[in-house]
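Please keep the sequence and the model in view while reading.

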Amino acid sequence: MPLLPLALLFSLIAVVCAAFLLVHAFRRSVGTGVMVLLIPCYVFFYAFSQFEHRHKGFIVAGFVSCAALAAVFLGLGAHALAPPPMRFPPPGF
């Protein structure tokens with residue numbers, strides 16, 4: 001059960017880092033901002049190749065790592081909340 005609050009924490013950090021990327025993309029041009037917003041993998045290309053910020057390393061690392069950790073903890077937390085599978089007796093009894 002303590003995994004779901006960790007998933008929430010990491011997802012909030014990832015959203016804040018993604019907001020930095022999105023604001024920077026829209027300041028660059030509207031087309032770039034729309035591509036970062038709507039094309040799923042373009043945000044990674046933009047973050048590594050075109051994003052320029054004093055704290056680029058922290059923002060990009062925070063976005064990628066916290067998004068991955070949030071997905072892992074959310075999956076583990078949801079798996080812990082799922083009911084156990086029903087076990088059927090073996091055939092022949």
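Buried residues are those under 20% relative accessible area, exposed residues are those over 50%, and partly exposed residues lie in between. The model is predicted. By the cut-offs above, F26 is partly exposed because its relative accessibility is 35%. F26 belongs to helix α1, which covers residues 3-28, and contributes to a nonpolar surface patch.

**Nonpolar surface patch**
- The patch consists of F26, V30, V34, M35, L37, L38 and I39 and has an area of about 620 Å².
- Helix α2 (residues 30-38) supplies the largest share of the patch, 5 residues.

**Helix α1**
- The 26 residues of α1 should span 38 Å at 1.5 Å a residue, and this agrees with the 37 Å between the end C-alpha atoms.
- The buried residues A7, F10, A14, C17, L21 and A25 are found in α1.
- In an α-helix, residues three or four places apart point the same way, because there are 3.6 residues a turn.
- L22 is also a residue of helix α1, and a relative accessibility of 24% makes L22 partly exposed.
- Beyond its neighbours within four places in sequence, L22 is in contact with G33, V36 and L37; of these contacts, L37 is also one of the patch residues.
- L22 and T32 are 10 residues apart in sequence, and their C-alpha atoms are 9.1 Å apart in space.

**Aromatic pairs**
- The whole structure contains 3 aromatic pairs, among them F10 with F73 and F44 with F63.
- The F10 and F73 rings count as stacked because their planes are at 15 degrees, with the ring centres 5.8 Å apart.
- This pair links distant parts of the chain, with F10 in helix α1 and F73 in helix α4 (residues 56-81), 63 residues apart.
- F10 is buried at 17% relative accessibility, and F73 is likewise buried, with a relative accessible area of 17%.
- The F44 and F63 rings have their centres 5.6 Å apart and their planes at 40 degrees, so this pair is tilted.
- F44 is partly exposed at 36% relative accessibility, whereas F63 is buried at 10%.

- A47 lies in helix α3 and counts as buried because its relative accessible area is 1%.
- With neighbours within four places in sequence left aside, A47 is in contact with L21, K56 and V60.
- A47 and L21 are 26 residues apart in sequence, and the distance between their C-alpha atoms is 6.9 Å.
- I59 is located in helix α4 and is buried, with a relative accessible area of 7%.
- Apart from neighbours within four places in sequence, I59 is in contact with C17, F20, L21, F51 and H53.

Conventions. Residues are numbered from 1 along each chain as its sequence is written. This is a predicted model: local features need pLDDT of at least 70, side-chain atom pairs count only at pLDDT 80 or more; totals for chains, interfaces and linings use all residues. Side-chain values use heavy atoms; hydrogens and water are left out. Patches are made of residues with over 30% relative accessible area and no salt bridge: like charges are joined within 9 Å, nonpolar side chains (Val, Leu, Ile, Met, Phe, Trp, Tyr) within 5 Å. Accessible areas come from the Shrake-Rupley method with a 1.4 Å probe; for residues, only the protein chains shown count as cover. A salt bridge is a side-chain nitrogen of Lys or Arg within 4 Å of a carboxyl oxygen of Asp or Glu. Helices (H or I, at least four residues) and strands (E, at least two) are DSSP runs, numbered from the N terminus. Buried means under 20% relative accessible area, exposed over 50%, partly exposed in between (1.4 Å probe, protein chains only). Rings of Phe, Tyr and Trp (its six-membered ring) pair if their centres lie within 6.5 Å; planes under 30 degrees apart count as stacked, over 60 as edge-to-face and the rest as tilted. Contact means heavy atoms within 4.5 Å. The expected span of a helix is 1.5 Å times one less than its number of residues.
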